[in-house]
Amino acid sequence: ALLSRENEREMTLFALQLLLGSSALRLSSAPSSRRTALLSQAAAAAAASTAFAHAAWAEPPPAEAVRGHLSELKALLADKENFVTALSDGAPYKLPAQIPFTTFQKLEKTSDPEFMEAAIDYAEAYRGVKDLVKLARLTKQTVAVSTKEPGKPRKETQVSYGDVPDSGLATAKEYAERAADEILGASVALDAAVKYMGTAK
């Protein structure tokens with residue numbers, strides 16, 4: 001009887017080995033399309049995990065906006081000659097968008113006290129930039145000037161606003177050069193703000 005039980009146990013173990021071997025064989029011989037799908041899922045999961053890790057350490061949007069705008073101002077200063085020439089000639093030149101003051105307010109609680117002072121200096125300087133650029137463009141706008149000489153019919157001519165006698169406007173080049181100086185001031189102020197800047201929570 002004992003021998004019989006031992007034989008029975010050996011037969012059971014043998015059957016289990018056959019069953020396990022058969023399962024492994026079925027897995028290894030699975031269709032290639034299925035294996036490809038599994039590999040793709042694994043790769044996607046790994047990529048998502050990496051993206052999540054990067055997002056967790058990414059700088060908050062308000063801080064990114066400040067640093068990005070500072071880079072734009074430095075690039076604008078590097079292109080100062082073209083900037084002045086374009087405005088002087090009345091050619092289009094796109095300025096970077098000003099940072100909304102609400103962006104600085106989001107960073108205020110986590111930044112040094114000097115941060116908002118620098119932010120105010122930046123806002124004032126960049127407002128000056130935009131005003132001077134508007135004046136430079138205004139001098140190049142065409143206006144109709146009407147003149148009347150005694151004994152002659154009224155004459156109307158088209159001239160640039162900056163060329164109108166007693167217009168009170170300076171030249172486009174002067175406004176452009178002053179705007180470039182204000183860009184430098186805005187850049188210096190924003191650079192100081194970045195040094196005092198924390199991160200928004």
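User: A crossing counts as left-handed if the near helix is turned anticlockwise from the far one by less than a right angle, and as right-handed if clockwise. Which hand does the crossing of H4 and H7 have?
Analyst: In this predicted model, H4 and H7 cross in the right-handed sense.

User: At what angle do the two pack, and how far apart are their axes?
Analyst: Helix H4, residues 80-89, packs against helix H7, residues 172-196, at about 145°. Their axes lie 8 Å apart.

User: Which residues meet there?
Analyst: From H4, Lys80, Phe83, Val84, Leu87 and Ser88 take part. Their partners in H7 are Ala172, Lys173, Ala176, Glu177, Ala179, Ala180, Asp181 and Ile183. The residues of this contact comprise eight nonpolar, one polar and four charged.

User: Which residues of H4 are buried?
Analyst: Phe83, Val84, Ala86, Leu87 and Ser88 are buried in H4.

User: What covers them?
Analyst: The cover includes helix H3 (61-78), helix H6 (114-139) and H7.

User: Changing topic, what pLDDT does the protein average?
Analyst: The average is 78, and 69% of the residues score at least 70.

User: Where does pLDDT stay under 50?
Analyst: Residues 1-30 stay under 50, with three contacts beyond four places in sequence. Residues 45-59 also stay under 50, and the model has three such contacts for that stretch. Where pLDDT is low, predicted coordinates should not be read in detail.

Definitions and conventions. Residues are numbered from 1 along each chain as its sequence is written. This is a predicted model: local features need pLDDT of at least 70, side-chain atom pairs count only at pLDDT 80 or more; totals for chains, interfaces and linings use all residues. Side-chain values use heavy atoms; hydrogens and water are left out. Axes are lines fitted to C-alpha atoms, for helices over the stretch in contact, and angles run from 0 to 180 degrees between N-to-C directions. Helices (H or I, at least four residues) and strands (E, at least two) are DSSP runs, numbered from the N terminus. Contact means heavy atoms within 4.5 Å. Ala, Val, Leu, Ile, Met, Phe, Trp, Tyr, Cys and Pro count as nonpolar, Asp, Glu, Lys and Arg as charged, and the others, Gly among them, as polar. pLDDT is the predictor's confidence in each residue, from 0 to 100. Buried means under 20% relative accessible area, exposed over 50%, partly exposed in between (1.4 Å probe, protein chains only).
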